Amino acid sequence: MRNTLTALAILSVAIFAFGCKGGPGAGGQESLNKAAGPPAYGDALIEGTIGEPTILIPMLSGDAASQDVAGLIFNGLVKYDTDLSIIGDLAESWDISKDGLTITFHLRKGVRWTDGKEFTAEDVKFGFDTITDKKTLTAYSEDFLQVKKAEVLDRYTFRVTYGKPYAPALASWGNLVVLPKHLLEGKDLTKGEFGRDPVGMGPYKLATWVPGQELTLESNHDYFAGRPYIDRFIYRIIPDTATMFLELQTGGVDMMGLNPIQYTKQTESEYFKNNFQKFRYPQFVYTYLGFNLKHPFFQDRRVRQAIAYAIDKKEIIDVVLFGLGSSATGPYVPHTWPYNPDVKKYPYDPARAKALLREAGWKDTDGDGILDKDGRPFRFTILTNMGNTLRMNTATIIQWRLAKVGIKVDIKVLEWSTFVNEFIDKRRFEAVILGWQISPDPDQYDIWYSKKTKEKEFNFVSYSNPEVDALLEKGRRTYNIEERKKAYFRIQEVLAEDLPYVFLYVPDATPIVNARFKGIRPSPIGITYNLPKWYVPGELQRHHLVP
Amino acid sequence: MLTYLFKRLLEIVPTLLGITLISFFIIHLAPGKPTDIFTELNPRITPEARERLEKLYHLDKPVIVQYGLWIKKLARFDFGESFSSDHRPVIEKIWNSKKPLIERRLFVTFMINFLSMIVILLVALPLGIFSATHQNSLWDKVATTTVFIGFAVPSFWLALLLMILFGVELNWLPISQLKSMGYASLPFWSKVWDLTKHLMLPIFVSAFTGLAFDSRIMRSSMLEVIRQDFVTVARAKGLPERLVIYRHAFRNALLPIITLMGLSVGGLIGGSVIFENIFGIPGMGQLFYWSVMTRDYPTVMGILTIGAFLTLFGNLMADIGYMLADPRIRAK
């Protein structure tokens, strides 16, 4: 047995010694990052992905991989600009009636589907009818069911009428609802081949799809916003991230998302600095500690504030995320228009936490190190879901910090479905660590509105504040961005004061791209929004099509 | 003998049914539903929409009714439609008859397992014989240690180390997947060479980690055989040692290997799940992993049924092989 171990040790040392050399071409080679030429057509961009797309029809797909690829094939009437304001895409402009009930879209003329047919208002109406059809297996129909009337005024004008003004509706006219009527009319969308061989009008079109291996997209020379520089976009499926990282080093992958260790440690060598560019921006996600506000411990606002003071958010970010994140102060992403930077903050201050707890009547009367009140010790359980190490580590750090101010915390980790169905939905929890994905539209009616507390609804902490209710209502009923901003700024101030959640952190997305790609402009909405404008200068191009 | 075979064939049917019943209940016991990907904690979906989705997938019915619906389809050799959002027939996902052979998942998995089985046999049998004939020598110990290292080392770890060595450092072999990017435009022999290069690491890993069983069994069965009387007789006749071992002893020692091969079919399919994911090989194991993760019940059941069938079939083949090789069994 000892022989085995020695042999193994030798084998691994030998291979790791190779592994530390730093990859091929380290040093010596001139840095790709410095060289930059004029935009040129050609080359291919290979993105690595762990999951395979399932269907390339935006309204039917539920997974991120499908939506990534479908996003390059289909455009919408509107899209988000880099500052999250809404700008025209297939719609040149739109008018909103004074009462906010009708939106009239004026469509771009001369846009063609990749089969040559012109795109018209009929295609939008067809997509709308499909997504609102009960037989369509879609999870996104909700926004469109609010529409009372949808009509085609002429070839390039499309009008929708709502029952009530509904601001999030404008953004819903993205790429979910545009489908080629001339190809799909009278056909069953889910059964047909269209989902695996789609015809769109976006910057790229699908060329080949080899299941389990890769999807190859070719640039659409007829794209209405101009032919994309990069000729081919290849989406390579590599389920294991360690394998994908090796492919990155050998040129088998040009772009992938890094995990914190890869970002902070494994890509710091000269080789990576010369051959790759790394990016970092906040994801549209935040993690929070939510309290069950029906629980007697947490009904007192001072207690919630005390807990916020007792938690060191910076420490959590440094330890759990390797520093790749920012502290959250409310339910919006920093640097986006709804985000209010001037709300009450809770820096780490255990003395203040203790004082607030004392004020609220919590004292350690029996000297066991745990605070108590009316004979009840301050002890509660934080629930979180299995499989998310970030959340479990966060819980552990919070447990340790709260012990220092005299609060005993237990941690319970549960399998996701059980967690949601048995504990969240039935309100059987004291505190939870969870995350929300933030939609680019600031409407968060479903999360904070006081009546959204029924089973399966999302205000599961039972937060109730009439002022917030009114502001949420106001924010979704006007299209005026300044007025919306005012409402959401105020909501954040109130939430920071009330603290139904302790907002913990917003993790960063950390993609890496081969340095030969130029024209990447990082923005709050990421890097891929201007993919058609990326290019590789002529002399740096790597992949050439064999005629 | 024919009656025996016929009986064995008939036995497969209830066994297969039993396997599907148990599998069906077990995968439904696991928490989570195929619709979770759309609905769990997604503020944009209403409870009505969730119910509608669940109804369309028959998830609102009791599990036993769902099993009934499934088996009814299976009786017509129909594995149903996948629950993932592409809704393709399961059989098309596993064996897409419109694509070339190399793009069909079942074929890919089968090919890799078949090749690695051949490599295992080619290496394990001589190794086992050598160890037996040189029992307790230094080389016997080296061989034993090597196959045990193979048995003990986690395949994903070994795979990653080899990828770093041959893929990143030496740049000799591709790291993952089955084909290079320009594969479609290559001439025939370049295609074969391209495939071979891609298959080297996966087959090496799967063969190296699977050597132990066959070589150890070969060794012990050989040791047993060479102590028997007929071997002594052969030696006493003055036959050269080479003929004694390879003509007389080897054939007899081979019998347990036949059984082992039949039994290992199931294990090989299970192992595919792991290394197809590490190497990014588009086979059945990879599909199985994704289907389990998204609770795509029809696809999971389809693959399990095929796997179970292949295992039972492997056992049957082993029985037949045994009969052909051993006259004593044939006589019964």
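**Domains of chain A in the predicted model.** The model is predicted.

**Domain 1 against domain 2 in chain A.** The contact involves 13 residues of domain 1 and 16 residues of domain 2. On the domain 1 side that touches domain 2, seven residues are nonpolar, four are polar and two are charged.

**An open four-stranded sheet in chain A.** The strand order is S4-S5-S7-S6, with antiparallel pairing. Strand S4 (91–96) and strand S6 (147–154) are the edge strands. Each of these two pairs on one side only. From one strand to the next, the twist averages 20 degrees.

**Pairing of S5 with S7 in chain A.** Strand S5 spans residues 102–107 and strand S7 spans residues 157–162. The two strands run antiparallel and are joined by five bridges. A:Ile103 has A:Val160 in S7(A) as its bridge partner. Strands of a sheet pair through backbone hydrogen bonds.

**Helix H3 on the sheet of chain A.** Helix H3 (residues 121–132) packs on the sheet. The helix touches S5, S6 and S7 of chain A. The direction of H3 makes about 160 degrees with that of S6(A).

Key:
Residues are numbered from 1 along each chain as its sequence is written. Chains are lettered from A and ligands numbered from 1 in the order in which they are written. This is a predicted model: local features need pLDDT of at least 70, side-chain atom pairs count only at pLDDT 80 or more; totals for chains, interfaces and linings use all residues. Two residues are in contact if their C-beta atoms, placed from the backbone, lie within 7 Å. Ala, Val, Leu, Ile, Met, Phe, Trp, Tyr, Cys and Pro count as nonpolar, Asp, Glu, Lys and Arg as charged, and the others, Gly among them, as polar. Two strands pair if DSSP finds at least two bridges between them. Axes are lines fitted to C-alpha atoms, for helices over the stretch in contact, and angles run from 0 to 180 degrees between N-to-C directions.
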